[in-house]
Amino acid sequence: MKSSFKGYFYGIATSMTFGLIPLFTLPVLDKGVGYESILFHRFLFATLALGLMIIVKGESFRIKPRRELPMLLLLALFYTASSLFLLLGYNYMGAGIATTIHFTYPLMVSLIMFSIFKEQTDWITWVAILLAVAGVAILSLGDGGALKFEMKGLIIVLLSAVGYASYICGVNKSRLRTMNGRKLAFYVFLFTTVMITIQNVADGGIEPLPDLSSYVYMMLLAILPTVVSNITLVLAVQNIGGTMTSVLGALEPLTAVCIGVLVFGEPFALSEAAGIILILSAVTAVILSGSIRNSISTVVKKIRPRHA
């Protein structure tokens, strides 16, 4: 029970911090810095911060090259693809909408775990996923039911969701599942930085940050939605599994919507309220799933006819 509580806490923490990405990214994008250069600075600073953290704690950087390196590279590839496609999606739609569309990854995680790894998923989890996806859909619709984004943008952000779902499943089902969360995140960020650097060089070079405030934004982006979010993600997956962790990610679009309203002055309509209620209902259903099952089981036993 204690392990599950910790897992839920870590899952909520990772989703809420991940939802802060637009808060630190959009001001730098508005200054003309390209999304690939933003990703380079984000993961470079995150790698340095994690490396320093590991040194301070006296932990080992050692890995088993033949057994662990290939999977670390694959996880970095998934994470790089997810990050690139998400920021690219900001060119086609608002950051809050992109984050809500990105949230379709819980359904993809469940489908991957169910179809490839044959993981059993109970009905409460499926109901929670449907509630969460319905909430995200409502948040993504404009007046008259029209979508707020282009189809090309939808495909791009869905690809970011596929990458993130693959990353979660990889952490959950590989031999890296038991690796120290800081060390796992460090190598994923290190290899992601290398991949982003190669991409930047191929596109003409890395753009420098224009001013001090941009460096502050990049440091915050590296610490909160990157270092903190990914350490807590690994801890959540280790404690409650990939499916439960992904459903708790419903708080990502909720955080993005709140930032849009409070920081960027986006309108808050009845549809947004309905979407948030559905998302919170999904999160509550996941957290209380054990109690719900026990309550239903108790009621069924009481009303079931007794046989002589």
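These legends walk through several close-up views of a predicted model.

**View 1. Leu 184 and the nonpolar core.** The largest nonpolar core counts 84 residues, and Leu 184 and Phe 189 are the ones that touch the most other members. Helix H10, running over residues 212–248, puts in 12 residues, the most to this core. Zoom in on Leu 184 and, setting aside residues up to four places away in sequence, you'll find it touching Leu 72, Leu 75, Val 171, Leu 176, Met 179 and Val 234. As background, nonpolar side chains in soluble globular proteins tend to be buried together.

**View 2. Ala 236, tucked into helix H10.** Ala 236 sits in helix H10, and its relative accessibility is 0%, so it counts as buried. Who's packed around it? Skipping neighbours within four places in sequence, Ala 236 is in contact with Gly 7, Tyr 10, Gly 11, Gly 241 and Thr 245. Have a look at Ser 4 as well: its C-alpha is 8.8 Å from that of Ala 236, though the two are 232 residues apart in sequence.

View 3. Leu 212 belongs to helix H10. Its relative accessibility is 67%, and since anything over 50% is called exposed, Leu 212 gets that label.

**View 4. Ser 213 and Pro 27.** Ser 213 is also a helix H10 residue, and with a relative accessible area of 30% it is partly exposed. Across from Ser 213 is Pro 27: the C-alpha atoms are separated by 9.2 Å, while along the chain the two residues are 186 apart.

**View 5. The Lys 31–Asp 211 salt bridge.** The whole structure has two salt bridges, and one of them pairs Lys 31 with Asp 211, with 3.0 Å between the closest N and O atoms. Lys 31 is in the loop between helix H2 (21–29) and helix H3 (35–56), and Asp 211 is in the loop between helix H9 (181–202) and H10, so this pair ties together parts 180 residues apart in sequence. Both partners are partly exposed: Lys 31 has 36% relative accessibility, and Asp 211 has 30%.

**View 6. The Glu 59–Arg 182 salt bridge.** In this view Glu 59 forms a salt bridge with Arg 182, and their closest N and O atoms are 2.5 Å apart. Glu 59 is in the loop between H3 and helix H4 (65–89), whereas Arg 182 is in helix H9, so the pair links parts that are 123 residues apart in sequence. Glu 59 comes out as partly exposed, at 23% relative accessibility.

**View 7. Ser 160, a buried serine.** Ser 160 is part of helix H8, which covers residues 151–173. Its relative accessible area is 0%, so Ser 160 is buried. Apart from neighbours within four places in sequence, the contacts of Ser 160 are Ser 82, Phe 85, Leu 86 and His 102.

**View 8. Two cysteines, Cys 169 and Cys 258.** Cys 169 is buried, at 3% relative accessibility, whereas Cys 258 is partly exposed, with a relative accessible area of 37%.

Note on methods: Residues are numbered from 1 along each chain as its sequence is written. This is a predicted model: local features need pLDDT of at least 70, side-chain atom pairs count only at pLDDT 80 or more; totals for chains, interfaces and linings use all residues. Side-chain values use heavy atoms; hydrogens and water are left out. A nonpolar core is a set of buried Ala, Val, Leu, Ile, Met, Phe, Trp, Tyr and Cys residues joined through side-chain atoms within 4.5 Å. Buried means under 20% relative accessible area, exposed over 50%, partly exposed in between (1.4 Å probe, protein chains only). Helices (H or I, at least four residues) and strands (E, at least two) are DSSP runs, numbered from the N terminus. Contact means heavy atoms within 4.5 Å. A salt bridge is a side-chain nitrogen of Lys or Arg within 4 Å of a carboxyl oxygen of Asp or Glu.
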